[in-house]
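Subject: Structure for your review

Dear colleague,

Please find below the structure that I am handing over to you.

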2 protein chains.
Amino acid sequence: METKVSGGPVSCPCRPSCEGPTADCDRTLTTPQRVFKGSRSAQEVVAALPLFDGILPDVLNRLLADSATITRRRSTLLFGAGDEADCFYIVLDGAVKLFALAQDGRESIVEIFGPGTSFAEAAMLSTGRFPLHSEVIEDATLIRVGRRAFLYTLHSDHALAYRMLAALVKWNRRLAGEISDLKELTPWQRVAEFLLAQTPATEGRVEVLLPFNKEVLASRVGIRRESLSRVLGRLRVLGVHTSGNAVRIDDVDLLRRACFEAGSGRS
Amino acid sequence: METKVSGGPVSCPCRPSCEGPTADCDRTLTTPQRVFKGSRSAQEVVAALPLFDGILPDVLNRLLADSATITRRRSTLLFGAGDEADCFYIVLDGAVKLFALAQDGRESIVEIFGPGTSFAEAAMLSTGRFPLHSEVIEDATLIRVGRRAFLYTLHSDHALAYRMLAALVKWNRRLAGEISDLKELTPWQRVAEFLLAQTPATEGRVEVLLPFNKEVLASRVGIRRESLSRVLGRLRVLGVHTSGNAVRIDDVDLLRRACFEAGSGRS
DNA sequence: AGGGCGACTTGATCTTGGTTAAGGGGTCCG
DNA sequence: CGGACCCCTTAACCAAGATCAAGTCGCCCT
């Protein structure tokens with residue numbers, strides 16, 4: 001199982017969205033490097049999830065007793081919308097997307113999850129079916145946690161339930177934020193915001209690694225591949241240079257200000 | 001306190017979004033009329049909220065003991081983003097919008113709440129601050145429920161906590177759905193979807209009343225007022241005729257099919 | 001080396017929504 | 001009655017994505 005994904009919690013940057021109240025998103029990214037790759041045990045990763053923060057060891061063990069670590073190659077469908085939600089997933093390595101499928105077969109990515117994040121917990125709580133499709137976009141190592149164990153854990157640990165509430169709320173805000181971004185920012189502003197979200201830096205020159213390919217990024221910000229190319233071209237005058245997955249931002253602050261000041265820009 | 005808002009749960013139609021896990025949205029609308037106006041007591045309305053379904057009478061009373069019914073005129077700011085969230089609201093009558101403010105002062109409406117819905121509960125669960133602004137858009141009668149009472153109720157009734165989890169999840173789906181709509185549907189498709197969501201009918205001729213004015217509707221679907229005019233003009237050939245807030249759809253099924261078939265239409 | 005493929009870029013053209021500006025038609029109020 | 005708003009519509013223009021169609025580059029495979 002070898003993967004090329006860059007390490008950070010790719011789900012957080014910018015304003016992703018969707019299935020699973022992981023809400024790891026307030027965390028600022030360090031430079032995107034493969035930090036999790038094999039460096040932590042499943043237990044450590046799970047205990048570090050915001051959702052399971054402070055979980056008792058024996059509860060954790062019971063949870064993991066009904067789990068399995070699996071590896072899946074890129075392009076593998078994890079589940080389809082409407083499938084019975086009998087488990088949720090924790091990403092140890094690689095990346096997974098959640099997406100909706102339009103009538104004409106086009107997909108729009110609603111969220112992307114990277115190492116150290118979990119998703120689809122929420123599906124088990126209401127309808128018991130996944131509302132979206134999920135596919136592996138970078139060869140991945142995942143933990144599948146069974147529905148039964150999760151629900152048991154949830155009911156046996158009220159604090160967990162409340163943490164989960166808080167996580168869902170936080171995640172909701174991300175979604176709401178993304179909606180306003182889609183409504184009031186131009187595509188290039190969304191791209192710029194995404195890039196800015198990839199680095200904790202607030203000024204100076206920075207190199208960031210795109211956590212996934214441009215097709216995916218385009219879908220993520222709601223434009224077409226070709227348009228993304230053009231946008232990146234136009235951003236060059238603002239000191240944004242890309243080569244492959246590497247992006248150099250000459251002046252983070254400049255970019256940010258340009259992004260904000262262009263308020264009126266709605267396409 | 002006289003209001004003109006049309007009665008149904010205006011928050012549900014189509015794919016709204018945002019603050020407050022009311023998630024009343026699965027409910028299909030009956031004809032939009034003023035059904036709640038003075039016809040139900042506060043207790044009845046609250047007990048009918050999905051969130052408080054099956055609540056015990058004494059728990060309910062305790063909750064309402066720390067509440068107040070207030071009336072607010074249109075254009076009143078209920079709270080601003082960042083304000084301390086010391087209560088949540090239940091709409092008895094009228095309508096309230098939740099919106100984000102862009103740097104340049106433009107607002108984008110993220111959600112609209114009508115009679116029989118509640119909002120902003122979620123704000124009290126994490127940061128304790130409202131993430132968005134809220135303003136009354138139709139003279140409204142509201143119940144303000146205190147934070148303390150709500151949290152007490154939540155902690156004293158675990159079933160409530162789980163219902164709230166489910167409600168949040170449901171609400172999250174709406175948000176996710178809205179995000180994909182924004183990404184993969186054209187403006188006119190979103191308008192059409194909104195109109196279709198205003199009626200339970202699936203075929204034949206229907207009259208619907210827009211639950212709010214066109215400026216608001218435009219913001220709701222993420223376009224400008226002028227564009228909405230154009231869109232409605234273009235929809236005329238599909239049998240959609242508007243005069244004021246009344247919209248007549250000659251053939252619901254035709255409109256729906258046109259909306260779906262145009263899959264590729266992105267802008 | 002050569003073929004094929006996937007990811008990305010570029011260009012020409014078309015559509016459409018934003019922008020700006022003007023105007024129509026209510027209603028309220030002096 | 002006249003004027004001030006408010007809400008909405010229209011029209012003209014423009015910028016920017018979408019679309020369609022090549023075309024490039026790197027990489028894997030044989």
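Arg257(A) and Asp253(A) are about one helical turn from each other, because they stand four residues apart in helix H8 (residues 252–261) of chain A. Helices (H or I, at least four residues) and strands (E, at least two) are DSSP runs, numbered from the N terminus. The side chains of Arg257(A) and Asp253(A) form a salt bridge, with N to O at 3.0 Å; a salt bridge is a side-chain nitrogen of Lys or Arg within 4 Å of a carboxyl oxygen of Asp or Glu. Arg257(A) is partly exposed at a relative accessible area of 37%, and Asp253(A) is partly exposed at 25%. In these terms, buried means under 20% relative accessible area, exposed over 50%, and partly exposed in between (1.4 Å probe, protein chains only).

Please note that this is a predicted model, in which local features need pLDDT of at least 70 and side-chain atom pairs count only at pLDDT 80 or more, while totals for chains, interfaces and linings use all residues. Residues are numbered from 1 along each chain as its sequence is written, chains are lettered from A and ligands numbered from 1 in the order in which they are written, and side-chain values use heavy atoms, with hydrogens and water left out.

Other salt bridges

Over all chains, the count of salt bridges comes to 22. One of them joins Asp139(A) to Arg73(A), whose closest N and O atoms are 3.0 Å apart. This pair links distant parts of the chain, 66 residues apart: Asp139(A) belongs to strand E6 (residues 133–146) of chain A, and Arg73(A) to the loop between strand E1 (67–72) and strand E2 (77–79) of chain A. Asp139(A) counts as buried at 10% relative accessibility, whereas Arg73(A) counts as exposed at 55%. Arg248(A) and Asp250(A) form a further salt bridge, with their closest N and O atoms 2.5 Å apart. Arg248(A) is partly exposed, with a relative accessible area of 25%, and Asp250(A) is partly exposed at 24%. In general, side chains of opposite charge can pair when their charged atoms come close.

Chain A as a whole

Chain A contains eight helices and nine strands. Of its 267 residues, 58% count as buried. Among the contacts in chain A with a separation of 6 or more, 78% are between residues 24 or more positions apart; contact means heavy atoms within 4.5 Å.

The interface of chain A and chain B

How many residues of each chain are in contact across this interface? On chain A there are 49, in contact with 49 residues of chain B. The two chains bury about 4000 Å² between them, and 63% of this area lies on carbon and sulfur atoms. Buried area is the accessible area (1.4 Å probe) that two parts lose on being put together, summed over both. Tyr162(A), Arg173(A) and Lys183(A) supply 18% of the area that chain A buries against chain B, more than any other three residues.

Two salt bridges are found across the interface. One of the salt bridges in the model joins the side chains of Glu178(A) and Lys183(B), at 3.9 Å from N to O. Glu178(A), Arg220(A) and Lys183(B) are linked in a network of salt bridges.

The elements that give two or more residues to the side of chain A that touches chain B are strand E3 (87–101), strand E4 (107–113), helix H3 (147–156), helix H4 (158–184) and helix H6 (214–221) of chain A. H4(A) provides the largest share, 19 residues.

For Arg234(A) the corresponding distance is 2.8 Å, and for Arg106(A) it is 3.3 Å.

Helix H7 (225–235) of chain A, along with helix H6 (214–221) and helix H7 (225–234) of chain B, each supply at least two residues of the surface near DNA strand D.

With kind regards

Key. A polar contact is a pair of N or O atoms within 3.5 Å; within protein, one must be able to donate a hydrogen and the other to accept it, and residues adjacent in sequence count only if both atoms are side-chain atoms.
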